[in-house]
Amino acid sequence: MPITAKVEGMEEISEMLTRLEEDGPKAAAAGLYDGAGIMAKTIESGIDGIKTAPFKYTKFGTRLPSPEEVGAIRGAIGIAKFDKNGAEVNTSVGFANAGYADVAGRQKAIALVANSINSGTSFMQKQPFFRRGASAGAKAAEAAIIKTIEQRLDEKNLK
Amino acid sequence: MPSEYEALVAALKLTDIPFAEYAWKNRPEGTYGVVSLDFESGQLEGDGLKQDRSWEASVDVFFSRLSEREDLISTVEEILTEICGDSWELNSSTYENATGLFHVEWTCQVMDGGDA
């Protein structure tokens, strides 16, 4: 489920981080963490809107995810460990490290269950909760990053 | 419903690939596709912050013979380019072990009558 939300070309942020000098990378990471948290929350809230139906095998039709499948992904979304590469700090929001869950007596990888619901399969109608949440949360996440960095500037009277 | 989305559906339905919107009640045997309008701008609001008006759709194609892959991909991608410009992407390509079908998914996002 590769969703990339890049905050790019933001001269305003770049200029603010320069003013923070050696505290810039820390402020950037704090902002990114807050932004990623909002993104995760927005995506998580979309999980409640996923339509479900009790599991029913269908040979030629399309079924909805079962309540157990949706239950497996609820609360499983996470923020990946920050990857620092020089001046760049990267992270991702998703189910990559969510592990496994018991679904109808079988251990299933939570990331695969989430992908089946989000992208659909030949036997399950897609409900793109992840893409919808990522799109809806992008602006709020960006605002949170700026707000956190501005707070750091305030603390140091650099605003 | 956005007119570009309607044009996308119409163009896909003119291809040799049987296409349905959202889901097939009885999916065909062999190759088939599904096209969905996943969301429109009114739904793209988070934490009270208004987002740009846009719509996002996805196109899914399921097939069993790997030899078909290249032709199917170019058919769909030509249509996506015609309707969505360069604002589409190949989102995923998976193999369903349970059914033996390959699944290719594209998404396109279009802003208010123009490219995203």
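Read along the sequence, chain B follows the pattern α-β-β-β-α-β-β-β. That makes 2 helices and 6 strands in chain B. The model is predicted. Chain B has 116 residues, and 33% of them are buried. Among the contacts in chain B with a separation of 6 or more, 52% join residues 24 or more positions apart.

Confidence comes next. The mean pLDDT of chain B is 87, and 86% of the residues score at least 70. Within chain B, strand S1 (residues 19–21) has the highest confidence, at 96. Strand S6 (residues 114–115) of chain B has the lowest, at a mean of 46. Where pLDDT is low, the predicted coordinates should not be read in detail. For the complex, the predictor gives an ipTM of 0.80 and a pTM of 0.81.

Two strands of chain B form a hairpin. Strand S4 (residues 88–96) and strand S5 (residues 101–111) of chain B are antiparallel and pair over 8 bridges. Leu90(B) has Trp106(B) in S5(B) as its bridge partner. The turn places 4 residues between S4(B) and S5(B). Gly100(B), in this turn, has a positive phi of about 75 degrees.

The loop between S1 and strand S2 (32–40) of chain B holds Tyr22(B). Most residues other than glycine have a negative phi. Tyr22(B) is not a glycine, yet its phi is positive, at about 70 degrees. Tyr22(B) is partly exposed because 13 other C-beta atoms lie within 10 Å, a count between the limits of 12 for exposed and 20 for buried. Asn26(B) is also in the loop between S1 and S2 of chain B. Asn26(B) has 11 other C-beta atoms within 10 Å, so it is exposed. Beyond its neighbours within four places in sequence, Asn26(B) is in contact with Phe60(A) and Gly61(A).

The contact between the chains takes 20 residues from chain A and 27 residues from chain B. On the side of chain A that touches chain B, H5(A) gives the most, with 8 residues. The residues on this side of chain A divide into 6 nonpolar, 10 polar and 4 charged.

Helix H5 of chain A covers residues 129–155. Its 27 residues, at 1.5 Å a residue, should span 39 Å. The end C-alpha atoms of H5(A) are 38 Å apart, which agrees with that span. H5(A) bends by about 45 degrees at Ala138(A). Just after H5(A), Asn157(A) takes a positive phi of about 50 degrees.

Phe129(A) is found in helix H5 of chain A. Phe129(A) counts as buried because it has 22 C-beta neighbours inside 10 Å, where 20 or more are needed. Setting aside neighbours within four places in sequence, its contacts are Ile43(A), Gly46(A), Ile47(A), Gly49(A), Ile50(A), Ile117(A) and Asn118(A). Phe129(A) and Asp48(A) are 81 residues apart along the chain, and their C-alpha atoms are separated by 9.3 Å.

Helix H2 of chain A covers residues 24–47. The 24 residues of H2(A) should span 34 Å at 1.5 Å a residue. The end C-alpha atoms of H2(A) are 35 Å apart, which agrees. The buried residues of H2(A) include Ala27(A), Gly31(A), Leu32(A), Ile38(A) and Met39(A).

Strand S5 (residues 100–103) and strand S6 (residues 106–109) of chain A pair in the antiparallel sense over 4 bridges. Ala101(A) stands opposite Lys108(A) in S6(A). Ala104(A) lies in the loop between S5 and S6 of chain A. Ala104(A) is not a glycine, but it has a positive phi of about 50 degrees. With 10 other C-beta atoms within 10 Å, Ala104(A) is exposed.

Notes
Residues are numbered from 1 along each chain as its sequence is written. Chains are lettered from A and ligands numbered from 1 in the order in which they are written. This is a predicted model: local features need pLDDT of at least 70, side-chain atom pairs count only at pLDDT 80 or more; totals for chains, interfaces and linings use all residues. The expected span of a helix is 1.5 Å times one less than its number of residues. The bend at a residue is the angle between axes fitted to the seven residues ending there and the seven starting there. Two strands pair if DSSP finds at least two bridges between them. Two residues are in contact if their C-beta atoms, placed from the backbone, lie within 7 Å. Ala, Val, Leu, Ile, Met, Phe, Trp, Tyr, Cys and Pro count as nonpolar, Asp, Glu, Lys and Arg as charged, and the others, Gly among them, as polar. pLDDT is the predictor's confidence in each residue, from 0 to 100.
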